[in-house]
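Here are some notes to read with the structure open beside you.

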Amino acid sequence: MSGRRESLVPAAAAAAAVGANSAGGVDLTPAAARRNKKRKLPEKQLPDRVAALLPESALYTQLLEFESRVDAALHRKKVDIQEALKSPPALQRTLRIYVFNTFANQAPRTIPPPKNAEPPTWSLKIIGRVLEDGAELDPASVVPKHNPVYPKFSSFFKRVTIALDPSLYPENPLIIWENARSAAPQEGFEVKRKGDKEFSANIRLEMNYNPEKFKLSQPLMEVLGVEVDTRSRVIAALWQYIKAKKLQNPTDPSFFMCDPQLKKVFGEDKLRFAMLSQKISQHLSPPPPINLEHKIKLSGNGAHASACYDVIVDVPFPLQKEMSAFLANTEKHKDIEACDEVISASIKKIHEHRRRRAFFLGFSQSPVEFINALIASQSKDLKLIAGEANRNIERERRADFYNQPWVEDAVIRYLNRKPASGNEGPGGGAGGS
C-alpha cells in the first residue's frame with residue numbers, strides 16, 4: 001500500500017487546487033493583467049495627484065492638447081499632399097526648341113593637303129528651354145539659361161531620332177535616343193561627325209506625356225473640339241457633352257441616346273455608359289511626332305541656320321517638388337522625436353518620484369498600519385506568484401475537506417492527466433500491496 005499512499009499527497013494537493021477554483025475562486029491571470037494595466041499610464045500625461053500638487057501642470061496639459069491638434073492638422077495636410085501627388089496639377093508652358101549647327105576646319109581644300117591638319121567636322125545641336133510667361137530673352141546668348149524649376153529638355157520626349165544622309169554616312173545614318181534607356185535627363189542633344197559636304201538632317205521628336213495623351217479621330221474631334229488629350233479627360237468631355245445635350249435615357253439612366261454627331265462616332269442609336277471607354281479606344285491613337293528638317297551648312301561664321309520651334313507642354317506645378325521633398329524628408333522630424341523622448345523620460349521620473357513620495361508619506365502618517373498593510377500586500381503577492389492565492393492551508397488539514405462532492409472527480413482528472421510510468425498510474429500500486 002506504500003505506492004498508493006505516496007501518490008495520495010500530490011493528488012490531494014491537486015484536488016485542493018481544483019476544489020478552490022470550483023468553489024468560486026477567481027482566475028488569477030486576468031486579475032494580474034488588470035492590475036498591471038491599471039498601473040500603466042500614458043507616456044506624456046501627468047497623474048491627477050501630481051497635477052494637483054503642481055500649479056504649472058495646467059499649462060502643460062494645455063500644451064499637450066495643442067500638440068495633439070497640431071499633429072492632427074499635419075496628418076490631414078500630409079494626406080492632402082499625398083492625394084495631390086497622385087494626380088499632380090500641371091501648368092502649360094511653351095517649350096522652345098533651338099536647332100542649329102556649328103562646324104570646324106572647313107577651309108578650302110589645297111593640293112597637296114597640309115600635314116597634321118585637323119579633319120573637317122560639323123556638330124548638330126538640339127536644345128530646348130521652357131519659357132516663362134513675359135520673360136525676356138538674353139540678347140547676349142543664342143539660347144537662354146535653363147531654369148532649374150522646370151524639367152530638363154529630354155524629359156519631354158519619349159524618343160528622339162536623327163536621320164543623316166545615308167549616302168554620306170552609310171555606317172550609322174540613324175541616331176536614336178530613348179528616354180527609357182537614359183540614365184539622367186539632358187538639356188539637349190548633340191551629334192558630331194566628320195565631313196565637308198552640306199546636306200539636310202531629319203529630326204523626329206516623340207513627345208513623352210505623363211499621363212499619356214492620345215490623338216482623337218476626326219469625328220470625335222468634331223464633337224469635342226479637342227485634338228490631343230488624355231483618356232480620362234476625353235471621357236469626362238463626352239459626359240459633359242451628353243449632359244449638356246440631355247441625351248441620357250430618362251427611363252434607363254445606364255444608356256444615352258446618340259445625336260447625329262455621336263452616331264458618326266459610335267455608329268449606334270444608343271449606347272450603354274459602361275461601353276463608352278471601350279468604344280472610344282478605336283478613336284484614340286498615339287499623337288503624331290514632331291518632324292523637323294535642318295540644313296547642315298558648312299560656311300559662314302558661328303552658329304548657322306538657327307531655327308526655333310515652339311511646343312506647348314505640361315510642366316509640374318512648382319510646389320510639387322517641395323511637396324515630395326516634405327513627405328520624403330525625415331531629418332526635420334528627428335529633433336521632434338528627440339524632444340518627445342526627453343519628455344517621456346521626464347514623465348517616467350515624475351511617476352517614480354510620486355510613488356516614492358506616497359510610500360514614505362504613508363509610512364510617516366501611520367507606521368504600524370502601513371507596515372502591516374505592506375506585509376499583507378507582500379504575502380498576497382507571494383501567494384499570487386506561487387499560485388496559492390485561493391488556498392486555505394488550515395482547512396486542507398481537516399478530513400472533511402476531502403469529503404466534498406468534487407474531490408473524487410478532481411482525483412480522477414489528476415490521475416488521468418499523469419503519465420503512466422512504473423507504479424504511479426491508476427491502480428499501479430495493486431501489485432505491491
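1. Let's begin with a pair of arginines: Arg96 stands opposite Arg129 in E2. Eleven bridges join E1 to E2, and the two strands run antiparallel. Strands are DSSP runs of E with at least two residues, helices are runs of H or I with at least four, and both are numbered from the N terminus; two strands pair if DSSP finds at least two bridges between them.

2. Before going further, a word on the ground rules. This is a predicted model, in which local features need pLDDT of at least 70 and side-chain atom pairs count only at pLDDT 80 or more, while totals for chains, interfaces and linings use all residues. Residues are numbered from 1 along each chain as its sequence is written, and side-chain values use heavy atoms, with hydrogens and water left out.

3. Now the overall picture. The chain has 14 helices and 13 strands. Of its 433 residues, 24% are buried, where buried means under 20% relative accessible area, exposed means over 50%, and partly exposed is in between (1.4 Å probe, protein chains only). The accessible surface comes to about 29,900 Å², with 55% of it belonging to carbon and sulfur atoms; these areas come from the Shrake-Rupley method with a 1.4 Å probe. Among contacts (heavy atoms within 4.5 Å) between residues at least 6 apart in sequence, 69% join residues at least 24 apart.

4. Strand E2 deserves a close look. Ten of its eleven residues are buried. Besides its pairing with E1, E2 is joined to E5 by seven bridges, again antiparallel. The bridge partner of Trp122 in E5 is Arg193.

5. Next, the largest nonpolar core, which has 30 residues. A core here is a set of buried Ala, Val, Leu, Ile, Met, Phe, Trp, Tyr and Cys residues joined through side-chain atoms within 4.5 Å. Leu95, Ile97, Trp122, Leu124, Phe157 and Leu205 have the most contacts inside this core. Strands that give two or more residues to the core include E1 (90-104), E2 (121-131), E3 (157-163) and E13 (304-316). E6 gives the most, with five residues. Apart from this core lies another, of 20 residues, among them Leu238, Tyr241, Leu262 and Val265.

6. What does Leu95 touch, leaving aside residues up to four places away in sequence? Its partners include Val130, Phe153, Phe156, Phe157, Tyr309 and Val311.

7. Rings of Phe, Tyr and Trp (its six-membered ring) pair if their centres lie within 6.5 Å; planes under 30 degrees apart count as stacked, over 60 as edge-to-face and the rest as tilted. By this rule there are twelve aromatic pairs. In one of them, the ring centres of Trp122 and Tyr169 are 5.9 Å apart and the planes are at 75°, so the pair is edge-to-face. Trp122 lies in strand E2 and Tyr169 in the loop between E3 and strand E4 (174-178), so the pair ties together parts that are 47 residues apart in sequence. Both partners are covered: Trp122 counts as buried at 1% relative accessibility, and Tyr169 counts as buried at 12%. Ring pairs also link Phe153, Phe157, Trp177 and Phe189 into a cluster.

8. Arg231 lies over the face of Phe214, at 5.8 Å from the ring centre. Lys270 lies over the face of Phe255, at 5.1 Å.

9. Follow E6 across its neighbours. E3 and E6 pair in the antiparallel sense over six bridges, with Thr161 opposite Arg204. E6 is also joined to E12 by seven antiparallel bridges, and there Arg204 stands opposite Asn291.

10. There is also an open sheet of three strands, in the order E8-E7-E11, with antiparallel pairing. Its edge strands are E8 (228-230) and E11 (284-285), each pairing on one side only. E7 (residues 213-216) and E8 share three bridges, and Lys215 stands opposite Val228.

11. Finally, a backbone detail to check. Lys246 has a positive phi, near 55°, in a residue other than glycine. Most residues other than glycine have a negative phi. Lys246 is placed in the loop between helix H7 (231-245) and strand E9 (255-257), and counts as exposed at 74% relative accessibility.

How values were computed:
Lys NZ or Arg CZ within 6 Å of the ring centre and 35° of its normal.
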